[in-house]
Amino acid sequence: MAKRVPVVEQIMNANDQLAVANRARLDAAGVFGVNLMASPGAGKTSLITRTVEALKDDFRIGAVDGDIATTLDADRIAALGVPAVQINTGGACHLDASMFQSALPQLPLDELDLLVVENVGNLVCPASFKLGVHCSVLVASVPEGDDKPYKYPVMYRGVDVLVLNKMDVLAAFEFDVDYFRRGVEALNPGLLFFPLSCKTGEGVDEWLMWLRGEIVKFRENRE
Amino acid sequence: MHELSITQSILDIALRHAEQVGCRRITRLNLVIGELSSIVDDSVQFYWDFVSQDTIAAGAELHFERVPGTLRCLSCDHTFPLNGRDYACPVCGQTQVVVAGGDEFRLESIEVE
């Protein structure tokens, strides 16, 4: 005779459990972790280089770079004089908590204030894999089109901060910023929004000011 | 492609609860999956036979209750399905809306004997 046993338990996969462990490791080392996600070509690496150039005199920064192949991005970031680890996923379309975990021992965590993770360019899979960082940032860009929040709701729903890059070319595209923001607001009310251009530097200061504030806040909460 | 580890987690939770009540085998799992959870139930089913073999859950039936993504209008309180075009309320046309359902992903109950 079959009987029903109530469970009502959220399914937390093995990845999420590892992410919790990664987070504890960053917390213990006093490193504020940021995960940048975006479609290919949105400007993740450009935003990181802008950020590293502006903050490296005030904070000790490290980077983890995820790509299917090559070390091009990690090389670009390492050229700025900060430790950068490349993870080649060998075909996997996202970073996961175990890949991130394996990258951590390759970095001098105790000597870092900020760890920037560049996820694999993809608007679908990275949204489902927590890494264990403190903040998830989606880098959208004008040429992708203003309908992306409607087409990729899960990604827009799961992030803490939204950057809209390539604002310098807004006039050349039929990109309705209001339509874009309405979709974002429905999915993720009150989401922090930084329209900017990594090329011209327009709007980058607001992003940097916010990030500085977050690192300082994180440190203060630790003390 | 991430359903394998998720299927493993579902099995772990089911086995833990089955052990608590003491039973010979698990015959059915009742899962609730929201549209916005980005879980593909066909894939979970595909991995299930593989991960559950040689456990007391081998051969158990997976039942998926799918919860559609829904939005709620903040102006008129109307609830309507998520669509890929626009998130405006079909009743009053307002665009101030919030997600009201579709995030779910849980194991609701198991059936054992």
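Trainee: Where does A:Asp96 lie?

Mentor: A:Asp96 lies in the chain A loop between strand β4 (84-88) and helix α4 (97-103). Helices (H or I, at least four residues) and strands (E, at least two) are DSSP runs, numbered from the N terminus. This is a predicted model, in which local features need pLDDT of at least 70 and side-chain atom pairs count only at pLDDT 80 or more, whereas totals for chains, interfaces and linings use all residues. Residues are numbered from 1 along each chain as its sequence is written, chains are lettered from A and ligands numbered from 1 in the order in which they are written, and side-chain values use heavy atoms, with hydrogens and water left out.

Trainee: Why is A:Asp96 called buried?

Mentor: Buried means under 20% relative accessible area, exposed over 50%, and partly exposed in between (1.4 Å probe, protein chains only). The relative accessible area of A:Asp96 is 16%, so A:Asp96 counts as buried.

Trainee: What makes A:Asp96 and A:Ser98 a polar contact?

Mentor: A polar contact is a pair of N or O atoms within 3.5 Å; within protein, one must be able to donate a hydrogen and the other to accept it, and residues adjacent in sequence count only if both atoms are side-chain atoms. The side chains of A:Asp96 and A:Ser98 make such a contact at 3.0 Å. Leaving aside neighbours within four places in sequence, A:Asp96 is also in contact (heavy atoms within 4.5 Å) with A:Asn15, A:Phe129 and A:Leu131.

Trainee: What makes A:Lys130 and A:Asp16 a salt bridge?

Mentor: A salt bridge is a side-chain nitrogen of Lys or Arg within 4 Å of a carboxyl oxygen of Asp or Glu. The closest N and O atoms of A:Lys130 and A:Asp16 are 3.8 Å apart, so the pair qualifies. The two residues are 114 apart in the chain, with A:Lys130 in the loop between β5 (114-118) and β6 of chain A and A:Asp16 in helix α1 of chain A. In general, side chains of opposite charge can pair when their charged atoms come close.

Trainee: Are A:Lys130 and A:Asp16 buried or exposed?

Mentor: A:Lys130 is exposed, at 53% relative accessible area. A:Asp16, in contrast, counts as buried at 13%.

Trainee: What does the salt bridge of A:Arg219 and A:Asp113 tie together?

Mentor: The side chains meet at 3.2 Å, N to O. A:Arg219 lies in helix α8 (residues 204-222) of chain A and A:Asp113 in the loop between α4 and β5, so the pair ties together parts 106 residues apart in sequence. A:Arg219 is partly exposed, with a relative accessible area of 32%, while A:Asp113 is buried at 7%.

Trainee: How do you know that the buried residues of α7(A) are on the same side?

Mentor: The buried residues of helix α7 (residues 177-187) of chain A are A:Tyr179, A:Phe180, A:Gly183, A:Val184, A:Ala186 and A:Leu187. They cover an arc of only 165 degrees around the axis, which puts them on the same side of α7(A). The arc is that of the directions from the helix axis to the C-beta atoms.

Trainee: What do these residues pack against?

Mentor: The buried residues of α7(A) pack against β6 (135-141), α5 (148-151), α6 (153-157), β7 (161-165) and β8 (192-195) of chain A, together with β5 (97-101) of chain B.

Trainee: What caps the N-terminal end of α7(A)?

Mentor: A:Asp176 does, with a side-chain oxygen 3.0 Å from the backbone nitrogen of A:Asp178.

Trainee: What is meant by the area buried between chain A and chain B?

Mentor: Buried area is the accessible area (1.4 Å probe) that two parts lose on being put together, summed over both. For chain A and chain B this area is about 2,900 Å², of which carbon and sulfur atoms give 60%. The contact takes 30 residues from chain A and 33 residues from chain B.

Trainee: Why is B:Val67 called buried?

Mentor: B:Val67, in strand β2 (residues 61-67) of chain B, has a relative accessible area of 19% and is therefore buried.
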